[in-house]
Amino acid sequence: MSLLLIALLAVPALTAAVLWALPAGTGDRVAAIVGSVVSGGVLVGSAVLWWDLVRPHCPCTYRLESFLGPPPRTLPGKIYAYAETDISWIPELDVRFHLGIDTISMPLIALTALLVFLCCLYSLRITPRAGRTRSLIALLLIIETGVIGTFSALDLVLFFLFFEVVLIPMWLVIDIWGDEHDRAGRRRAATTFVLMTVLGSAVMLLGFLLVHRQAGTFDLEVLGENPVAGGHGIALVAAVLIAVGLAVKMPLWPLHIWLPDAHAKAPTVGSVLLAGVLLKLGSYGMIRILLPVLPDATATIAPYLAGFSTVAIIAGSLACLAQTDVKRLIAYSSVGHMGFIGLGIATMSPEGLAGALYANIAHGIITGLLFFLAGGIKDRHDTSDLRTIGRALYARLPRLSGLLTFACLASLGLPGLAGFWGEMLILLGAYHPGDSLPRTTFLVLMVIAGLGAVLTAAYFLRLIRQLCQGDPADNPATAFAVDVSRIELITWAPLIVLTVLLGLWPFTLLDYWTFS
Amino acid sequence: MIATAWRVVGVGFSLLVILAAGLLYGVDPQQTAFGGSFVGNDVFITYDLRTDDLTVLLLAVVGVVSACVQLYSIGYLNERVASYTALVTLFTLSMVTVVVSDSLFLLLIGWELMGACSYLLIGHYWERRDARSGAMKAFLMTRLGDVGFLFGIFVLGLGYDTFKISELGDSPISPGALTTGTLLILVGVIGKSAQVPLQTWLPDAMPGPSPVSALIHAATMVAAGVFLIARLYDVFLAAETTLTVLAVVACVTMLFAAFCAMAAVEVKRVLAWSTVSQLAIMFAGLSLGTDDGRHAALFHLLTHAAFKGLLFLCAGVLLHQVGSAAFVVLRRYTRRGALRKRMPVTFVTMTIGLAALAGVPGFAGFFSKDSVVEAAWHHARDGSTVGWIVLVSVCLTAALTAFYCVRLWLWVFFRTPALAGALGAFEDDDPMADLEEPDSSKLHEGSWLMLAPLIVLALGAVGLGYADGLHLNWAIALATTVLAVFGALPAYSLWRRGADPRPVVLEREFGVDPAYQRVLVVPVEWLARLTVGGDRDVIGAYVRATGRAGVLASAGFRKLQTGNVQTYLTAAVVGVVALAILAGVIGS
Amino acid sequence: MTTALFSIAGAVALLAAVMVVTSRRIVHAALWLVVALGAVAGCFGALHAEFVALVQILVYVGAIVVLVLFALMLTKAPTNPLPALTTRRSPFAAVVALVLALILGSGVVLAFGNEKLKPVPDGSAEAVGTAVFRTWVLPFEVLSVLLLAALIGAIVLSQRTGKKGD
Amino acid sequence: MPLIIPLLLAVALFCIGVYGVLARRNAITMLMSFELMLNAVNLNLIAFDAWHVDGLATGQTLAVFVITIAAAEIGLGLAIVLLLFRGHGHVDADAARDLLEQERGAEQ
């Protein structure tokens, strides 16, 4: 029973309830302040939890006793959960209220807390034009509860439950606070988002039920110790169902179709959370559920998963090359990056998995920053269309476009910035895939993914070229009162610092993920 | 204010690098590790630093050139100084990282950061279309090579079971992995050093500020490729095939680039092609696989850094004072004799640089080129085909180099008696040719802040030739001199006649760029449109169709609700009958 | 004797019933219904359920059919043949009815094919009345409430000035 | 007398009634068909009462009750038919489609 973890879940949800209960006359500003304080508290709480988790005496880190001879290459199986809460909840259905964290989920929880905090902070000054900031903040807090719950759930049904909790608030966020110029478009985007993800999670639930039928339990700790063996039959069906369900969320090609619309139409904070946190639910689920619970069946489907991921890398990058909307472009870039993560998971190798986990964090930070920047550009120009914004942003908004260039370089995987290590380790994992996987296939996929990395560079450079560079004489200079306002700087600074830190010093995080 | 601070930081950092080189000189080779974590059991990622002779040599080169460039930039650049200086400093820092790194990953960080910095610096004048596309091209082509480099790191690192450069080669590795790994590393080197077939980005990178070009060509970016092979020489020595491939690439590149330089009509473009060609000479030296060859290549790297840095800075002065480095513009001044008279320091230092490049006896380039030829000759004498190929192509390149150096020198600085003051061969298709006569009276020499680096580097371009100790193989020296003269004479006679025949195939640089455009860029753009269309019209159509199908199905089911009681009743009775039959079937 | 009587009455009832559902004149259909119900009463009589047969004739033939005829008059039902009196679904309905008949018939035959019955020992009013008022008095009372409800319902429904009327 | 004869007659009457209910257009004829079905049931009751003598006259009593209910039913049914006639001017069950959803609002 860990009160801190429960508090991390309960406090945002309760605050959201309180915010809704407040009289309608309460100012949006107050709501934003409350949201900032609470999410800041959650951030601090998660930091404390993290510190608690990795204290040296704690038995729960996967620290490799090095130089003791090479143990066999293995993957995360048994969960050494920390801060556990394990209460019987619905005994008839064998469902337990089982929470816990380990070194895989903790950084993601912290990332979630950070991004929600920054979004609330951002909302202090900059809010969508639709107003009703109070509800927006409340929904963000609900999303925070759902995401942290998903990351800490150790019971399949509980995982599913928290997974679903995130959906409806995000749907509302897109539908109500989305692109104010395109009412039909944002409604369609929101509906597509919610329908596709609900379909995906329904499929996933079916997979969970099959797992229960085979193993007789929903508990991830138990399942981690006694995984469902066999790479065919019901186990295979379960793995396919769970993989498809999570792939919708991730999203993998060709299930990505909801993503560009949803990201492009969502408000800035919505896009940031959607890309920074929600997509991670899919990849986290794959690492947490697919690999430990159904190892043999996952090995059977891994080549296909890797294939689709590689197609996602290439297709996402190619689609970016032909985009004319900056938010849509960044959204498609997420498809490519999540493709990398999918490839890393599909390699089933320690390197690939560590890479996938690292890329998860890095993508959350960098794409969050990119969406903040794109939101800033959109707010200033009242459109996110590249042709309408015009070129030569370097001349009009030098700092903002400089930051955009920085974020683009980080996102394309420049070594020395956060995006690199994940991609590098994933490619390394593909070079050196798990023992039961066909190596040649993965070598081919590695080469294709490498070319995809070049394409990634190509579209980001194209974005910089079309947006930031250009002859100022051809583009009427619009006067902007502020280049980068103070609140923007405060909100973005942590992300920038983290991008550089994670790029230069990957060891702290990588040490958590030395699977063996 | 910020700009000044950055300038101080930039110059200070360059001086620090020189100081470090001085302190490390003569120190025993050593390595330091910091950081590090296991990923799985096979991969141990660390940051390691090392120092040895190679490090010191490169640190000195980088420090001096970047100090010169930083100082020069103070006079050269007036706008967007802060970002520019910061990036140049970061550029230098990246190269230093590459040089001192003993970890393949740390090296890769520096290696690619250089690419990013060069991208940003080439695009410094982002108002200009050619700068934009040149920058993008530079980054993409080098990144394409870098992907190969990354894979090469995987193959070698996992093959040798270490990612430390100093430990590579200690453990056995399968020959296949060795060849594959070194070939992949070579891909990265080819991209970075602009060798065939990834050569086209370097000439197109010329719209960047001239000091940046000097930095890229003399000390950082392109030199990093040569450095890397020298650093991994033990590994490469074991891979016979890779060295042969390197030799072929180098020989093709040096001739290719020399030919392209012969037809270029802009000073910086000529210099860019000459860099490609000179780098190829260094690679040729390395590809011999002998200690002599490596030594000669590094020697050439050193002298090349001096005279190529010098030449680019001179071109920068021309560009800064005249406004363009195109032959056609420069000749407007030249035909009045203005250029030489008004800019004496530039003229003299540029002459020294060109002499060094052309291999005029006594200048630095002469000695270093000869040492490559000599190493090739020794190798060829031992019965090596590679040696012969290298020997022949370096000699041919020497002649071609002399040709384009003399051509550049004469056409830029001297009046053509035969043309009696006309612009000559360069006005054909240049829109600038119709402009009115420039006011040459305002033309004057650059500031001393710009000239001082020129003089320093000019001293290097002369003096560095003797740095290696004067050992001269007289036969080879004579042969290369004769070849240089053979190259120079046609250039002179053409200039005398006021003719500059430029074969179309050379002027178009063998049509490589348009071919890449057709084979790579156009299909990728086409594919991009196809993907977007596919998303919208295929995948999106499925999604929309699912929605429509739902609506249609519900509309269809709604039709069943006719409102007619008897229909409902009929349906109910039919249902009862069906259930009865079912019950009967199951029951029996 | 009983069998013969029953068979004749049954045949008449069957014939009249077919006429009820096929006749093209509504009034004729109503009159054929009289015949059918009367024949069924005959059947009851043949089974020695005399009281039920009498009630059948009194209530059905006497009251219900008269009510139907009144309704026909009130709804201005035409007396001439109406070709459209059966819907286009009638073949389908016939098939459904036939299949139903087959199922029920075969079920009945399978279940009671060999059973014999003796006519009811006592179908007199006395016997039935005793049964009703001794054994079945509670259902009888409930039924009377139902009748009252139906009475009120019919009045409410047919009120011309009711809210539902227009 | 075999039990099967009244039972089969009841089946036949019942199915004729079903046909009438499903096929006849006029609401009053539908009601008449209901009566036929009820009579079939009554016939069954009487036949089974004669077959299974329980001394309580269950079948006959129930038949009387059914007849009573039939009277109530026809009274109410005819009232509804009259209401239909008053509202629509006809008693055509086929044409009375007030239950049909209107076309508006088919696509939101």
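Two residues are in contact if their C-beta atoms, placed from the backbone, lie within 7 Å. No contact joins chain A and chain D either, though here the closest C-alpha atoms lie 13 Å apart. Of the 4 pairs of chains in contact, chains C and D share the most contacts.

A word on the model: it is predicted, with local features needing pLDDT of at least 70 and side-chain atom pairs counting only at pLDDT 80 or more, while totals for chains, interfaces and linings use all residues. Residues are numbered from 1 along each chain as its sequence is written, and chains are lettered from A and ligands numbered from 1 in the order in which they are written.

Next come the cores. A nonpolar core is a set of buried Ala, Val, Leu, Ile, Met, Phe, Trp, Tyr and Cys residues joined through C-beta atoms within 7 Å, where buried means that 20 or more other C-beta atoms lie within 10 Å of a residue's own. The largest one has 417 residues, and A:Leu140, A:Leu273, B:Val65, B:Ala284 and B:Ala461 have the most contacts inside it. A second, separate core holds 86 residues, including C:Phe44 and D:Leu82. Leaving aside neighbours within four places in sequence, A:Leu140 is in contact with A:Gly35, A:Val116, A:Cys119, A:Cys120, A:Val269 and A:Leu273.

Of the 24 residues of H2(B), 19 are buried, so the helix is largely enclosed by the rest of the structure.

Terms used:
A residue is buried if 20 or more other C-beta atoms lie within 10 Å of its own, exposed if 12 or fewer, and partly exposed in between; C-beta atoms are placed from the backbone. Helices (H or I, at least four residues) and strands (E, at least two) are DSSP runs, numbered from the N terminus.
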